[in-house]
Amino acid sequence: MRTSRPLLALAGFLGLLAACDVYDSSLLTGGSSAGGSPSNGGGPSNGGQGEGGMASCTTPDQCPGVDSECGTRTCDNGTCDVDAAAAGTPAEAQTAGDCIHNECDGSGNIVGVADDGDLPVDDNDCTGDLCTDGVPSNPPVGVGDPCNDNGGAHCNADGNCVECVTGAHCASTVCTDRFTCAPASCNDGAINGNETDLNCGGGDCPACMIGQNCDFDSDCLSNSCGALGECEASCVDGMMNQDETDVDCGGLFCDACGFGEGCQIGLDCETGSCSASDTCTCAPNNGVVIISEVRSRGPGGAGDDFVELYNPGSTPVTLSSSWTVVSRSETAGTYDTRFVGSGQVVPPSEHFLIAGTAYTGAAAADAPFVSGLADEVSVLVKNGTTVVDAVCYQCGTNNFSDHTCEGAVFTLVGCANNINRSIERKPGGALGNCIDTQDSSMDFAEITPSNPQNLASPPTP
């Protein structure tokens, strides 16, 4: 049987229970000295106060408070008391995982005591289950720790089990911001799939640049995979490298460059001829002449016209009867012959001048025109039926659609008559006339005064 405790202990126990009466002076004294009766809540008939000032009773239920598993009211010899459970006695009501153990305090009260073994288990692989001085928590575990929840494999910083946290968790080496592995692609910024280097090689992605890793020649833009497994420079990589003088040509390793491409020496060119000027490039094939300067009229009027030819090659050109200069005005329907060769020889880098009947230039004509040039005209140099070179020029906007021209028609500034001006192939003058992009508007420049040169003029450049 439980041991009876003093009334003051019972008062402490009942004072902690809300909605319950507690022992205080009014309960213990019962009322006035005249006494009261049990029916009005007073003390015993001797004046409402039991021995020692304790509440008087005849049965336990007359005592204030309520009974609990940690203490029951008693009435011993007319005095209220409490029969309390021993301190530490477990209470029946417990909440799992709250880090608290409910127990009796030895005074009839139920109290919560910290229990760090009552873990708050949340069944999440990516959080811990902790009690700290009676406080429960579920902090995230380490980022990247293994897990199995919801089909995931790795824990993220939010305590969720996901597919990946870093690229190392994915076959593609790419983990998205949604913690899922991205499929390999040629623009994902990672070496994956069949790639031999970053987003290149392997057959599925574009070929790799020079210096990138490769397994086979086909992995490389240069079509050359070196012994060290890196793409090497070649003559088909679309870049100017090695000792090339232009893109994929010239130098010791690649084929010679064509007309208009860069060079340093004659061996860099298909023609064997490289202009000595920094502004010029490979000359056209040996055995041709090109139009270097032309004028339809000058100070002498309509007959003060000329066509100057230039040999940009490295061998002399003989102007046999198969060589002709023909022209056609903007409104004419056919080309008419203006010059026929008769065995004249044009040495390399020299000029040949054909002029009209009223020609006034300082350099003497090497041959005359059969007939002169119109003001707006297309001029061709032919060898047999082959058009070797052509230029079309005008003073305004005209229709040259059915003429033989190279690129856009060159337009003179204004149409002033009888002035000493002409159009000359670039770079011009002492630098020679080797620029030929197949576009008259780009290859020629208007000059004032004209600068005709003949076989007696110094070679250029």
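Predicted model: local features only at pLDDT ≥ 70, side-chain atom pairs only at ≥ 80, totals over all residues.
Residues are numbered from 1 along each chain as its sequence is written, and side-chain values use heavy atoms, with hydrogens and water left out.

Let's start with the sheet. Six strands form an open sheet in the order E17-E16-E11-E10-E21-E22, with mixed pairing. Strands here are DSSP runs of at least two residues, numbered from the N terminus, and two of them pair if DSSP finds at least two bridges between them. At the edges sit E17 (367–368) and E22 (444–447), each pairing on one side only. E10 and E21 run antiparallel to each other over 2 bridges, and Val-294 has Ile-423 in E21 as its bridge partner.

Now for the core. A nonpolar core is a set of buried Ala, Val, Leu, Ile, Met, Phe, Trp, Tyr and Cys residues joined through side-chain atoms within 4.5 Å; buried means under 20% relative accessible area (1.4 Å probe, protein chains only). The largest one holds 26 residues, and Leu-309, Val-379 and Tyr-393 touch the most other members. Several strands supply at least two residues each, among them E10, E11 (306–310) and E16 (351–355). The largest share, 3 residues, comes from E18. There is also a second, separate core of 6 residues, including Cys-214, Cys-220, Cys-225 and Cys-231.

On a 1 Å grid over the protein atoms alone, a pocket is an open set of points where a 1.4 Å probe fits, with protein on both sides within 12 Å along at least five of seven lines; lining residues have an atom within 4 Å of a point. The second largest pocket has a volume of about 190 Å³, the volume being the space filled by probe spheres set on the points. It is lined by 16 residues, and Ser-296, Arg-297, Asp-375, Leu-412 and Arg-421 are the closest to its centre. E10 (290–295) and E21 (422–425) are the elements that give two or more residues to this lining.

Finally, two loop residues. Thr-196, in the loop between E9 (161–162) and E10, is buried at 11% relative accessible area. Gly-313, in the loop between E11 and E12, is buried too, at 4%. Its C-alpha atom is separated by 6.9 Å from that of Gly-287, 26 residues apart along the chain.

Definitions and conventions
Helix = DSSP H or I, 4+ residues; strand = E, 2+ residues; numbered from the N terminus. Buried < 20%, exposed > 50% of the residue type's maximum accessible area, 1.4 Å probe, protein only.
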